[in-house]
Amino acid sequence: MISKFKLILLFLYFIGLFACTQPEPEIKLQSGDLLFREKSSENISEAIDLVTQTSGETHFSHVGLVEVTDTGIVVLHAYPEGGTCIVSLNEFLHPKGDSVRVIAYRLEKEGQKAIPVAIQKAHSMLGKPYNFSYVMSDTAYYCSEFIYLAFAVDSIFELEPMTFKDPKTGTFPAAWVEYYQKMGIEIPEGQPGCNPNGLAASEKLERLGKIE
């Protein structure tokens, strides 16, 4: 005969098992949410993540801004292919048909008032080419620069001195050396800039979770 103690343990086991198998609640995206795409196997994606790490928890190499419209959810972003543009949520989640891990973040309550102006500013920057140099510019934008400028009026994010050095070795990874050699310019070490991992680390954002 099973003792009362064993019955309690068995009950707790099945409760725990049930809880572990429940899917995470679906995230209802709102305008102003930020979607951070994790690194891919591309050299530059890996290189961006390597030199911009703020913790071991994030490995982001791209970011976009959510806008909820009457016809659906779209993402405004700056991308090497297409420059500053609007894409569907599905296209952002599955670039080139691939599936990548995307994590949603939301501005905390005090920052919510900045969203309407940020969306308007982001629209005003559409149609510009991608900023391949990563040197701040007003004629071309890279992904986190696009987001930084969208929220700049309300000072949501801050610029930091950029580094392209491997934090473990203190040297420039070969991918960055080759990248800037092809562009014919020096690596912009120490110049003001921003990056997806740095934006995600902001205390003004809260992590919502993975977008399916």
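How much of the accessible surface of the chain belongs to carbon and sulfur atoms? The accessible surface comes to about 12,400 Å², and 56% of this area belongs to carbon and sulfur atoms. Such areas come from the Shrake-Rupley method with a 1.4 Å probe, and for residues only the protein chains shown count as cover. The structure is a predicted model, in which local features need pLDDT of at least 70 and side-chain atom pairs count only at pLDDT 80 or more, while totals for chains, interfaces and linings use all residues. Residues are numbered from 1 along each chain as its sequence is written, and side-chain values use heavy atoms, with hydrogens and water left out.

The secondary structure of the chain comprises seven helices and eight strands; these are DSSP runs (helices H or I, at least four residues; strands E, at least two), numbered from the N terminus. Of the 212 residues, 41% count as buried, where buried means under 20% relative accessible area, exposed over 50%, and partly exposed in between (1.4 Å probe, protein chains only). Among contacts (heavy atoms within 4.5 Å) between residues at least 6 apart in sequence, 69% join residues at least 24 apart.

Helix H4 (115-124) has the buried residues Ile115, Ala118, Ile119 and Ala122. They lie on the same side of H4, because they cover an arc of only 100 degrees around the axis; the arc is that of the directions from the helix axis to the C-beta atoms. In general, an α-helix has 3.6 residues a turn, so residues three or four places apart point the same way. The buried residues of H4 pack against strand E2 (60-69), strand E3 (72-79), strand E5 (102-107) and H5. On the other side of H4, Pro116 and Gln120 are exposed.

The structure holds three salt bridges, each defined as a side-chain nitrogen of Lys or Arg within 4 Å of a carboxyl oxygen of Asp or Glu. Asp33 pairs with Arg106, with the closest N and O atoms 2.8 Å apart. Asp33 lies in the loop between helix H1 (4-21) and strand E1 (34-38) and Arg106 in strand E5, so this pair ties together parts that are 73 residues apart in sequence. Asp33 is buried at 1% relative accessibility, and Arg106 is buried at 14%.

A second salt bridge joins Glu38 and Arg101, whose closest N and O atoms are 3.1 Å apart. This pair also links distant parts of the chain, with Glu38 in strand E1 and Arg101 in the loop between helix H3 (89-93) and E5, 63 residues apart. Arg101 is partly exposed, at 37% relative accessibility.

The salt bridge between Lys182 and Glu178 has its closest N and O atoms 3.3 Å apart. Both residues lie in helix H6 (residues 174-183), four residues apart, about one turn of the helix. Lys182 is exposed at 68% relative accessibility, whereas Glu178 is partly exposed at 44%.

In H6, Trp176, Tyr179 and Tyr180 are buried. These buried residues fall within an arc of 85 degrees seen down the axis, so they line one face of the helix. The face turned away from them carries the exposed residues Ala174, Gln181 and Lys182. Just after H6, Gly184 takes a positive phi of about 80 degrees.

Finally, Phe132, Met183 and Ile185 make a nonpolar surface patch of about 240 Å². Patches are made of residues with over 30% relative accessible area and no salt bridge; like charges are joined within 9 Å and nonpolar side chains (Val, Leu, Ile, Met, Phe, Trp, Tyr) within 5 Å. Phe132 lies in the loop between helix H4 and helix H5 (143-150) and is partly exposed, with a relative accessible area of 37%.
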